[in-house]
Amino acid sequence: GITEQLELMPNDYQCQRIENANFVHLKISGLWNRQNGRTILRELQASLQTSGHSKALFDFREQELATSVADEFELASLAAQLLGGERHQIAAVAREEDRWINDFFETVAVNRGLILRIFTNEQTAIDWLMGDADGR
């Protein structure tokens, strides 16, 4: 199928690291599928390890979702496995129209020990990450 072909295409997503003194800031664009999701989560883990930061802002508003609920369950579980043990705090920013699947991802990851909140507003996400707010 088309999904399998897309998963084999190199460079169908981009991961941009934005310099920030307080947290790792990654901006992701392109395709979010199971294969890319695994790679992106490992890039986030590596960025946190090399930076020495315990907090990250993960902006994937420009990503095209190409995952099933089963894929999201697997990726959320992987996120908790890779990032939860270190007590990292992750704020993500997503599009409003993807809210239902992001709420599912957040629930699975949090239930597995990851400190994660997914927002639709970047400033609200930063405020939460820096301890200034709790709302969405």
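I find that β2 and β3 pair in the parallel sense over eight bridges; two strands count as paired if DSSP finds at least two bridges between them. Helices (H or I, at least four residues) and strands (E, at least two) are DSSP runs, numbered from the N terminus. I note Gly30 opposite Gln63 in β3.

The model is predicted: local features need pLDDT of at least 70, side-chain atom pairs count only at pLDDT 80 or more, and totals for chains, interfaces and linings use all residues. Residues are numbered from 1 along each chain as its sequence is written, and side-chain values use heavy atoms, with hydrogens and water left out.

I then traced the open sheet of five strands, in the order β1-β2-β3-β4-β5 with mixed pairing. Its edge strands, β1 (13-18) and β5, each pair on one side only. The twist averages 20° from one strand to the next. I see α2 lying across β1, β2, β3 and β4, at about 170° to β2; axes are lines fitted to C-alpha atoms, for helices over the stretch in contact (heavy atoms within 4.5 Å), and angles run from 0 to 180 degrees between N-to-C directions.

Next I looked up the largest nonpolar core, which has 28 residues. Such a core is a set of buried Ala, Val, Leu, Ile, Met, Phe, Trp, Tyr and Cys residues joined through side-chain atoms within 4.5 Å; buried means under 20% relative accessible area (1.4 Å probe, protein chains only). Residues with the most contacts inside this core include Leu44, Phe58 and Ile90. The largest share of the core, seven residues, comes from α3.

Methods. Buried means under 20% relative accessible area, exposed over 50%, partly exposed in between (1.4 Å probe, protein chains only).
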